[in-house]
Amino acid sequence: MNIESKLRFDNFIVGSANRLAVAAARAVAESPGAVYNPLFMYSSSGLGKTHLMSAIGNQVAAKQKGLVVEMVTLDDFVEELHEAIAAGETERFKQRYLRVGVLLIDDMQFLTGHRETQTELLRIFNALTADGRQIVMTSDRPPAEIADVDERLITRLSAD
């Protein structure tokens, strides 16, 4: 998934309901991996989560040219993982995500029922955060309300 270049901080409408999320997103964009890692943003559909996540990606890509920024929907992540398993290329899949400096994952609410994906995501999550690399995720509900998700993953998603 390509980051939409028009989704930036300078054209995001800030209001009283999203001021904290914008401040956290800006802090992450300024210092990826240093604060709010992971950053998990949730709200109802259509309130700007993807815009904020894209703004983080756009700002990091513009200011830190050597840092790999990867944005993916959870559905695409699941599909890529299944294709890698079918092709016997799970190590290549892991390496692809372990090289990123900032990993942006949209629509985490679709983790329900994907145990295999949760396990792989947990491995990638642990490796990236242990190395000081940033993870940003969005969902239409808080981590604890995503059904059928490994408790270890819920704990990590709820960390900051």
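The model is predicted: local features need pLDDT of at least 70, side-chain atom pairs count only at pLDDT 80 or more, and totals for chains, interfaces and linings use all residues. Residues are numbered from 1 along each chain as its sequence is written, and side-chain values use heavy atoms, leaving out hydrogens and water.

**Stop 1: the aromatic pair**

Select Phe 40 and Tyr 42. Their rings form a tilted aromatic pair, 6.4 Å centre to centre with 50° between the planes. (Rings of Phe, Tyr and Trp, by its six-membered ring, pair if their centres lie within 6.5 Å; planes under 30 degrees apart are stacked, over 60 edge-to-face, the rest tilted.) Phe 40 is buried at 10% relative accessible area, whereas Tyr 42 is partly exposed at 47%. (Buried is under 20%, exposed over 50%, partly exposed in between, with a 1.4 Å probe and protein chains only.) The whole structure holds 4 aromatic pairs.

**Stop 2: the aromatic cluster**

Now select Phe 77, Phe 93 and Tyr 97. They make up one aromatic cluster.

**Stop 3: Asp 150**

Move to Asp 150. Is Asp 150 buried or exposed? Asp 150 counts as buried, at 17% relative accessibility. Show Arg 152 as well: the Asp 150 side chain reaches its backbone nitrogen at 2.7 Å. Asp 150 touches both, not counting residues up to four places away in sequence. (Contact means heavy atoms within 4.5 Å.)

Methods. Polar contact = N/O pair within 3.5 Å; in protein donor to acceptor, adjacent residues only side chain to side chain.
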